[in-house]
Amino acid sequence: MSTPSRLERSDGAIAVALGVAYVALLLGSAHSLGYTRDEGFYTYAARVLELWFDRVGDTGTAAFERTNIDHFWNPIHEHPGLMKLLFALSHRFFYERWSLIGESGTAYRLPGMLMGGLAVAVIYLWGREAVGRAAAVVSALLFAFMPRVFFHSHLACLDVAVTAMWLVTSYVYLRAFRDNRWGAVLGAGVLYGFFLDTKHNAWLFPFALVVHLVAVRLLERLKKLPRVGPRVPWALLSVVSIGPLVLWTIWPWLWFDTSERVRAWFEFHLQHDYYNMEFLGRTYWKPPMPALYAPVMTLATVPAITLALFALGLFEIARALVRGVESERFAHDALWLVGLGLSYAPWLSRNTPIFGGTKHWLPAYPFLCLIAGRGFALAAARLRELWAERFQKPEVAAPVVAAFCLAGPLTMTLHSHPWGLTFYTPLAGGAPGAASAGLNRTFWGYATGALTDELNELAPPNAAVYVHDTALQSWQLFREDGRIRLDLTGTLSLPGSSLALYHHEPHMRRVEYETWVVYGTVSPAAIGSYDGVPVVWLYARDQLRRP
Amino acid sequence: MAAARRSVLWRGSGLWQAPARVRKGLLWLLLPGLGVAELAAHVWFAARAPRESEWRELSRAVLREKRPGEPLVVAPAWAEPFAREAFGDRAFPFDELARSDDATFPRLLEVSALGARYEPARSWRVVSEAEHGRFTLRVLENPAPLRVRYRFIEHVNPRELTVALVAGTQVLPCEFSEQAPVVAGGLHGEVAFPRERFVCGAGPAFVGLTVIDDQRYEPRRCIWAAPPPGFTLRLVFSGVPLGSALRGFGGLSYFLFRDSAAPPVTLDIASEGVRLGSYVHQDAWGFHPFRLATSASAGRTANVELALHAGGAPQRDFCFTLEALE
């Protein structure tokens, strides 16, 4: 099958076109997507950094002294700073200074969307090099049109960003590993620093590279293949040495009490609180977590055609290994497999929390799609032969097969918006099937976005609205964007509210019961639903209900 | 003509006359076929469940069938919010919606969509069944309903209940208030404290009706009676017609106490100085049933005294239901 080939100039253009088109689609659809809890927290962090920018402008280098660094960076140190800085810069310039983006919240979201676009573009480039052009386009679009990826790509959050950074760093690393050019070698190290500064998934990356190196060298020895890259793995050394230095340089919080703060960063995430998550009718809130969570949720949320192509791709990789493979091609495949495996690996432990749903293993998905590209290439080649038996122009076969493979993911993804976390594939019976099976319908409180019209209509002037799972900072974004009336205040006090939101998760139902008692009614005034499944509902005090 | 038709399938011959290599190759068509099949399945599943407007259209038929004392149940359960929105509070009285279980109800009205059934009553006799659009309305009959003489939850008022905190010889009466401040703690806080309740001094202790979450996070309406540390909370219901047994459920908000290993709450029950029995509740049980035989008192109408205590342990947020069975 396909062997690695060098990129052409047009490939850069295609990659850019794919990435830009994806960002445009995300930008065009962002308005209808409500703000998640974490977006509230990250935009709060970004606002703090915007104040720090002001301090830099006012005091120059004094803003980099410990007092100021601790003042601005201490409260927002749970995660590193790269994306929060980008959110802040985007808001400051694209919204406040240049008014290029009309909504404050969308301006905060733009860097996350760009990361989504970057991932799509790099999947194309890597797929093009490793498999071929048609397969690369299919890989990139399979990723773009995973409904959960599409949802997360809209957000001012870290999950798609870290997915993109794992992918980009892997790609540059592979080139550095293979070509041993100093630019690429240094680039891999620097990129890893940025990757570390994105999210802690990056801690796993060096392990992935060691496993990759061992696998490649073992295969070369077993199959007596020529060695790929130099004997000394300079790229790996660059990653583990330059990466942390870059992290230290670009995350000011680490400039002081470095070892204690690094330890605190690790401890926070290694001893993270357990939150609740519903899975197959049961709410999990402490270990042991369900062993099948990651595989079942992958099956239930990733289009089956994508998974079938992935399975075919795995078969093709295994077949190539048996029949004899070029060492360079194996270097690609092995890094994909390792990236995929390491991203899922934490869920082999039953102590790993599952509260974030599928977002925690998003970094596996670019590799899953690249491997699916191998499957597509194999299928397209066979169908091209078949086509040639019957029709003229066998080159049409691949685009036709691609269209058949992509129509479902595209349709499902567009249909899933703005209910990305409620969407389930037909394998789960869609949203109604998943609700019956007891799979989580929503979390993060973003579904408030579905009831803004009703809120604006029913709320009396200056009313307080109980926001339930929507963070107050996220509520503020709704107001700033004009989606919710400016006179409506978000509150966490039910008795003091005129209207009350309820975002459904089983363990949160007690909040709904409180609402029944406080408001004296069990009948929602409005419901936000997806495919006939209620997701979020609004209670109103008697006098505010519609006749 | 036949030859021409065959050639549509394969050049110059029928499909099954094609070379084995070609026939094997056709298996690859399964892949784009899967893509199309998945797309079709998606469209079908997306349109499968009734929409909000259809629930509203069902309202008239449901309200026509709904009888007091016959709870309305929805299958699948996740669709119930649509039913509550469409049919309103009339169809879902608090006591029925947040009932302890179905055992004492002679009938249920089931609204079914997507072919789902209300599982706890699947074996009940179907009295009537009617199709309404994409819904089925069924009246289900309980084969052996428990007959209730007295539901304590219906008598939490100052005419029929007196409440006091007791510590040794000290007795602090709890006054009934119709204007107590309503409190609700949100996800991690207390359950809702209703406006009408017996308020015990200046502290947080009170007795009143609220709703807690059980071990499946389902709603259970109950009498909140949390004994403060060091006190016994005493409730005396007057004029209770006793029967063969007292049947109850006790629990604390499962979400808040599912991991708790706090000391148990004890509920002692007596009538006219005669001890009827006790129930000792562990937090992790959730909303848990209990039953005390009262055959010796059957047929008598008497005062029933409930004494709740948990030693010195704080936050024993106990809530219970109790019924006197015939």
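## Between the chains

Contact here means heavy atoms within 4.5 Å. By that rule, 65 residues of chain B are in contact with 64 residues of chain A. The model is predicted.

How much area is buried between chain B and chain A? The figure is about 5,300 Å², and carbon and sulfur atoms give 65% of it. On the chain B side, Trp28(B), Glu38(B) and Trp78(B) supply 15% of the area buried against chain A.

Asp259(B) forms a salt bridge with Lys286(A), with the closest N and O atoms 2.8 Å apart. Polar contacts between chain B and chain A come to 21 residue pairs, both residues being at pLDDT 80 or more.

## Domains of chain A

Between them they bury about 1,600 Å². Carbon and sulfur atoms account for 56% of that area.

Two salt bridges cross the interface of domain 1 and domain 2 of chain A. Asp469(A) pairs with Arg37(A) in a salt bridge, and the closest N and O atoms are 3.4 Å apart. Across the interface of these two domains of chain A, eleven residue pairs are in polar contact, both residues at pLDDT 80 or more.

## Domains of chain B

In chain B the domain assignment gives domain 1 (52-141) and domain 2 (148-325). Their centres, over C-alpha atoms, are separated by 30 Å. Nine residues from domain 1 of chain B and twelve residues from domain 2 of chain B make the contact.

The area buried between the two domains of chain B is about 880 Å², 50% of it on carbon and sulfur atoms.

Two salt bridges span the interface of domain 1 and domain 2 of chain B. Asp101(B) forms a salt bridge with Arg247(B), at 2.3 Å between the closest N and O atoms. Seven residue pairs are in polar contact across the interface of these domains of chain B, both residues at pLDDT 80 or more. On the side of domain 1 of chain B that touches domain 2 of chain B, four residues are nonpolar, two polar and three charged.

## Nonpolar cores

In soluble globular proteins, nonpolar side chains tend to be buried together. The largest nonpolar core in this model has 233 residues. Its members that touch the most other members are Trp73(A), Trp126(A), Tyr365(A), Trp55(B) and Phe87(B). Another core lies apart from it and holds 39 residues, including Ala225(B), Leu233(B), Leu242(B) and Phe257(B).

What does Tyr365(A) touch, leaving out residues up to four places away in sequence? Its contacts are Phe143(A), Met146(A), Val149(A), Thr298(A), Thr301(A), Val302(A), Tyr344(A) and Thr358(A).

How values were computed
Residues numbered from 1 in each chain as written. Chains lettered and ligands numbered in written order. Predicted model: local features only at pLDDT ≥ 70, side-chain atom pairs only at ≥ 80, totals over all residues. Heavy atoms only, no water. Domains from an automatic or database assignment. Buried area = accessible area lost by both parts, 1.4 Å probe. Salt bridge = Lys/Arg side-chain N within 4 Å of Asp/Glu carboxyl O. Polar contact = N/O pair within 3.5 Å; in protein donor to acceptor, adjacent residues only side chain to side chain. Nonpolar A, V, L, I, M, F, W, Y, C, P; charged D, E, K, R; others polar. Core = buried A, V, L, I, M, F, W, Y, C linked by side-chain atoms within 4.5 Å. Buried < 20%, exposed > 50% of the residue type's maximum accessible area, 1.4 Å probe, protein only.
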